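These are my notebook entries on one protein chain.

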Amino acid sequence: MTTTRGTLPARERILLTAAELFAAHGLRGVGVDRIIAESGVAKSTLYVHFPSKDDLAVEYLRRTDASWRGKLQSAARKAGERPSDQLVGLFDAVATAYRQHGFHGCPFINAAAESEPGSPAHQVTVDHKRAVRSWVRDLAASAGAADPDQLALQLTLLIDGTLAAGKLEQDRAMPLAARAAARGLVETACTTGA
């Protein structure tokens, strides 16, 4: 625990510690006792803020959702004004994720693999994937895609596949190949030149 982290409120220390541990070891691979020990809080303090490990996992996923969607949107905006360029540019966020130390693939796919359908963590994951697909669908419509739903599905599957592949093999060529594939999909689907 760094000195800076030690000055944070207990809830933030718990969340930062849990985020690092969940990302590296999965939701099931980390026990509450380890989170308590590494965050430097008392067990009672953890349970005041998070009555169960599920509550902590859900908050971790919600924060990850906000962060990841922000990164996707930022990468899209940096690609330019044209929605068609933004659809390809969002893959720069995927490439950036690959370059991060300790990249362990998509935290949502990882969480879904460990969670029962209908569980709180699984539902947050489903909601996240739907929200990303909806945003990509809106961009696809703005770009003039003949079938925005289909293009959004294709692009989000490409994102998910690329992130999942990163769990197995962190080859930096993968997000570049995904970006090139996205460019082809967008060019084929968007007939108005938006």
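I began with Arg-63, which forms a salt bridge with Glu-12; their closest N and O atoms are 2.6 Å apart. I worked throughout on a predicted model. Arg-63 belongs to helix H5 (residues 53-78) and Glu-12 to helix H2 (residues 10-25), so the pair links distant parts of the chain, 51 residues apart. I looked up accessibility next: Arg-63 is partly exposed at 34%, and Glu-12 is partly exposed at 24%.

I then turned to Arg-179 and Asp-92, whose salt bridge has its closest N and O atoms 2.7 Å apart. Because Arg-179 lies in helix H11 and Asp-92 in helix H7 (residues 91-99), this pair ties together parts that are 87 residues apart in sequence.

Lys-129 sits in helix H9 (residues 120-142) and Asp-160 in helix H10, 31 residues apart. Is Lys-129 buried or exposed? Lys-129 has a relative accessible area of 18% and is buried, because the cut-off for buried is under 20%. I also noted that shared partners join Glu-12, Glu-59 and Arg-63 into one network of salt bridges. My search of the whole structure found 10 salt bridges.

Finally, I examined helices H10 (residues 148-168) and H11 (residues 173-189), whose axes come within 10 Å and cross at roughly 175°. H10 is therefore roughly antiparallel to H11, since angles over 145 degrees count as such. The contact includes Leu-151 and Leu-155 of H10 and Ala-178 and Leu-185 of H11. I recorded its residues as 12 nonpolar, two polar and no charged.

Note on methods: Residues are numbered from 1 along each chain as its sequence is written. This is a predicted model: local features need pLDDT of at least 70, side-chain atom pairs count only at pLDDT 80 or more; totals for chains, interfaces and linings use all residues. Side-chain values use heavy atoms; hydrogens and water are left out. Axes are lines fitted to C-alpha atoms, for helices over the stretch in contact, and angles run from 0 to 180 degrees between N-to-C directions. Helices (H or I, at least four residues) and strands (E, at least two) are DSSP runs, numbered from the N terminus. Angles under 35 degrees count as roughly parallel, over 145 as roughly antiparallel, 65 to 115 as roughly perpendicular and the rest as oblique. Contact means heavy atoms within 4.5 Å. Ala, Val, Leu, Ile, Met, Phe, Trp, Tyr, Cys and Pro count as nonpolar, Asp, Glu, Lys and Arg as charged, and the others, Gly among them, as polar. A salt bridge is a side-chain nitrogen of Lys or Arg within 4 Å of a carboxyl oxygen of Asp or Glu. Buried means under 20% relative accessible area, exposed over 50%, partly exposed in between (1.4 Å probe, protein chains only).
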